[in-house]
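User: I would like to learn how to read the features of a structure like this one. Could we take them one at a time?

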Amino acid sequence: MENINNDLELMQTIFKPNRALSKQSRIKNICEYEDLCLDAEEDYEAYWGNLAREKISWIEPFKQVLDESKAPFYQWFVGGKLNVCYQCVDRHIQKRKNKVAIIFEGEMGDYKVYTYRRLYREVNQTANLLKNRFGIKKGDRVIIYMPMIPESAIMMLACARIGAIHSVVFGGFSPEALRDRINDTQAKLVITADGAFRRGRPYMLKPAVDKALEDNQCPSVEKVLIVIRNNEPIEYIRGRDYVYNEIVTLESSQCEPEPMDAEDPLFLLYTSGSTGKPKGVQHSSAGYILWAQMTMEWVFDVKESDNYWCTADIGWITGHTYIVYGPLAIGATTIMYEGTPTYPNHSRWWEMIEEYRVNQFYTSPTAIRMLHADAPDEPDNYDLSSLRILGTVGEPIDPSAWKWFYEKIGRGKCSVVDTWWQTETGGHMISPLPGATPMKPGCATLPLPGIQAEILDEEGNKKDVGEPGLLCITKPWPSMIRGVWGNPQRYAEGYFSQVKSKDGKPIYFSGDAAFYDERGYITIIGRTDDVINVSGHRIGTAEVESAIAKHKDIAESAIVSTLDPITGESLFAFVVTTPNTSCDLKQHMSLLPELNALIREEIGPIAKINNILYVPGLPKTRSGKIMRRLLRNIARGEPIKQDTSTLENPNIVKEIIAIAQGKNA
Ligand code: WT7
């Protein structure tokens, strides 16, 4: 109870940005922030057009800022030509050739430093390799299934250089999940590594690629390119598999960047939705890189001599925008760390911040909660005085974790930026500005200048203070999703059909619920759809249900989210077993290991059921839709507020509640 009261009080407290920090920030106070918002409001196209002209090295200038004629299929910076790799690497060669672009630290303590010149050389050689040896052309898709090593960034940039569309698949995904993504993109080439190091041990990636490709299950794939990282023995298939480290040095270090259309896809990144298989979120070249740059400057306020560190994995959008593209586009020094925060102990991150004099540190609430819970005073032993800005992303941060982060890591002097955004938005959308926005624990605060974020009801009416509503973006923005790969309908219906528009212009609905406070600050509540946020990872309930449906004892299931003190949410399964099941249902957990093994096979270790309840049936509407909200209430032990009399089988609710209570008793 005391904790809850503390949290409530903290949630009302405002923390002003440190004055010294404000003075040196790009946006120094809330008036400057508002001026920028007004600029955007007065002339939206001029605002974005000016930024794009100033920030992008165009090969050919654009002719039109925004084409809305085929909305919601928007086009930005129409007619402009650029190359994102040029933007991230070549243009720094003049002024910053000896500046460090990437600092890599391996989990075992090894490290590697890339200056912009070295990065330029290796990216060019790699681009030539992809082009000459593997015949990769503009528009071809390339899968990158890699660990957290600098070669992953090099592969992404090399693809961008020759106009190939990369799709990075998180190294924790299973061979099945990898196979789905390969087949959906029809990739010609898969780039991987033998493996990497995690928790002090080698782990393997190449065998997962072999498994995904076996029995010709991915007919589009012609070759596999392997980066050697941990030197564990792997199998090679003659004529298909090539070792990067052996052949890349034979290539020339000059490769002309391909002139790309502003709207040409830069990459695809798969993410889970409410229904069906993960969707390939398609991002553009110019709009994406523009916003990656702007947010690096405004939200992280990165200066020329700063060392910037984002702890995400390149397999997620955070890694794309805030480890690779954003930092490199502004010529910053970006730190990449291979492993876990707890190897060899809980001070690994604090040690690295001290060692590299990190100025911006961007991480997840789950990691903060874990380090807070397991080693709360460990940061005291390190010099963290270089830090100016701390960031969080991926899930709501609870006020007590925020406070620990602010006080123990930031020593009460840093700004904490709670950044709300999504795979689909390409970059930050709602976040405090470090020198300008008074902070409020657990609150993402205000939309960034130019971003029209609003909380609406389904009819498109704005919600009042304190009322939960649908978090929408009512105007297109440059770094927005351009489509769902191969499925334009899923794009149009999945994002633009839930909220009615007043002026006929489509409204983007994020899938999140949120509310305003009296200041107009936006607090994110969480997903309204069947997506569960576990440790900041999006897990589609449909994917998990279809994985466990493969078990012979499972007739039907519904996965809902319950709360977890470390991971934020976790998976709770309501399971109906087949009539002749062999499992002992009194042993509540009995099926769990088998079900989790299936999920691991289909998706990967990021998805795992923590709780299971065997029930005689699931509550459904007359049209057969499972009432997930109701199940969620039961899973969380919350009172049921919905009317259950119209259910197909109203009695089932009482039965399920009795079973749930019996289990807890
Ligand atoms: C979902 C997007 C954005 C990169 C990582 C996740 C949740 C994201 C916050 C935040 C509360 C947040 C939302 C969103 N989310 N940031 N600061 N506070 N919730 O990207 O996998 O596309 O997930 O993450 O629910 O919709 P993603």
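User: In which strand is the place of Ser 570?

Analyst: This is a predicted model, in which local features need pLDDT of at least 70 and side-chain atom pairs count only at pLDDT 80 or more, while totals for chains, interfaces and linings use all residues. Residues are numbered from 1 along each chain as its sequence is written, and side-chain values use heavy atoms, with hydrogens and water left out. Strands are DSSP runs of at least two residues (E), numbered from the N terminus, and Ser 570 lies in strand E29, residues 568-577.

User: Does Ser 570 count as buried or exposed?

Analyst: Buried means under 20% relative accessible area and exposed over 50%, with partly exposed in between (1.4 Å probe, protein chains only). Ser 570 counts as buried because its relative accessibility is 5%. Leaving aside neighbours within four places in sequence, its contacts (heavy atoms within 4.5 Å) include Ile 532, Val 560, Leu 563 and Asn 610.

User: What area is buried between domain 1 and domain 2?

Analyst: The size of an interface is often given as the accessible area lost when the parts come together. Here the bounds, from an automatic or database domain assignment, are 111-256 for domain 1 and 535-664 for domain 2. The area buried between them, summed over both (1.4 Å probe), is about 480 Å², with 56% from carbon and sulfur atoms. Phe 173, Ser 174 and Glu 176 supply 60% of the area that domain 1 buries against domain 2.

Conventions
Buried area is the accessible area (1.4 Å probe) that two parts lose on being put together, summed over both. Helices (H or I, at least four residues) and strands (E, at least two) are DSSP runs, numbered from the N terminus.
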